[in-house]
Amino acid sequence: MSRQAVVQKIAQAGLVAVVRAESSEQAAKIADACIAGGVAAIEITFTVPGAADTIKDLCRTYKSGEIIIGAGTVLDPETARIAILAGAQYVVSPSINFETIKLCNRYQIPIMPGCGTIKEIVEAMEAGADVIKVFPGETLGPTFVKAVKGPLPQAPLMPTGGVSLDNVADWIKAGCVAVGVGGNLTGGAKKGDWQSITAIAKEFVAKIRAARGQ
């Protein structure tokens, strides 16, 4: 799948599941539940030991493109390269690292750096970022997005942190192209409640569509 196609698929569905799985098996079950709920992509964070192996296993399992597999919490170009070699189709960072952006551009992999100010957002876009991760979402809130969209209507923004069923519509209406959701979506994995993940994902997708007027 091309760089543009990956970004487009994420934007169309509007929902990325942020996954901190304890094993490849658990990650696969979360992925299955997310697919059933209409999630476009999952982000395997590098805070989890063995993240690269988990990405590799998932890419083998979902090689037909049922769901897009990405890498999260990527702090440097070395980790980004490891993720890409494992098969990651996009890379997400909690902050801007220009060498990481440069590396992802080199290999035509979508890069989504974390930004919390107008200055960072402009710098990230100028460096070639595909989507700007609004982070931390809990602190910034939908009003930040609305304020940014005034001078920067072209900025493709995606919040992570603090996104819930109660406020997802606010984020979308403020101008976000998608949202990243962690525990508020995948929390059921701790108890093996995969059905709850699917049900919650469907609710998120429905609220996103409604907020878009679809």
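1. In this predicted model, Ile121 contacts Cys115, Ile132, Phe144, Val148, Leu152, Ala155 and Leu157, leaving aside its neighbours within four places in sequence. Ile121 also belongs to the largest nonpolar core, which has 63 residues. Together with Ile42 and Val179, Ile121 is listed there among the residues with the most contacts inside that core.

2. In soluble globular proteins, nonpolar side chains tend to be buried together.

3. The crossing of helix 2 past helix 3 is right-handed. Helix 2 contributes Ser24, Ala27 and Ala28 to the contact, and helix 3 contributes Asp53, Thr54, Asp57 and Leu58. Sorted by class, this contact of helix 2 with helix 3 comprises 3 nonpolar, 2 polar and 2 charged residues.

4. For helix 4 (residues 77-86) and helix 5 (residues 98-106), the axes come within 8 Å and cross at roughly 30°. Angles under 35 degrees count as roughly parallel, so helix 4 is roughly parallel to helix 5. Helix 4 passes helix 5 in a crossing that is right-handed.

5. Which residues of helix 4 and helix 5 meet? Pro77, Ala80, Arg81 and Ile84 of helix 4 meet Glu99, Thr100, Leu103 and Cys104 of helix 5. The class composition of the contact of helix 4 with helix 5 is 5 nonpolar, 1 polar and 2 charged residues.

Note on methods
Residues numbered from 1 in each chain as written. Predicted model: local features only at pLDDT ≥ 70, side-chain atom pairs only at ≥ 80, totals over all residues. Heavy atoms only, no water. Left-handed = near helix turned anticlockwise from the far one by under 90°. Helix = DSSP H or I, 4+ residues; strand = E, 2+ residues; numbered from the N terminus. Contact = heavy atoms within 4.5 Å. Nonpolar A, V, L, I, M, F, W, Y, C, P; charged D, E, K, R; others polar. Core = buried A, V, L, I, M, F, W, Y, C linked by side-chain atoms within 4.5 Å. Buried < 20%, exposed > 50% of the residue type's maximum accessible area, 1.4 Å probe, protein only. Axes fitted to C-alpha atoms, helices over the stretch in contact; angles between N-to-C directions. Parallel < 35°, antiparallel > 145°, perpendicular 65-115°, else oblique.
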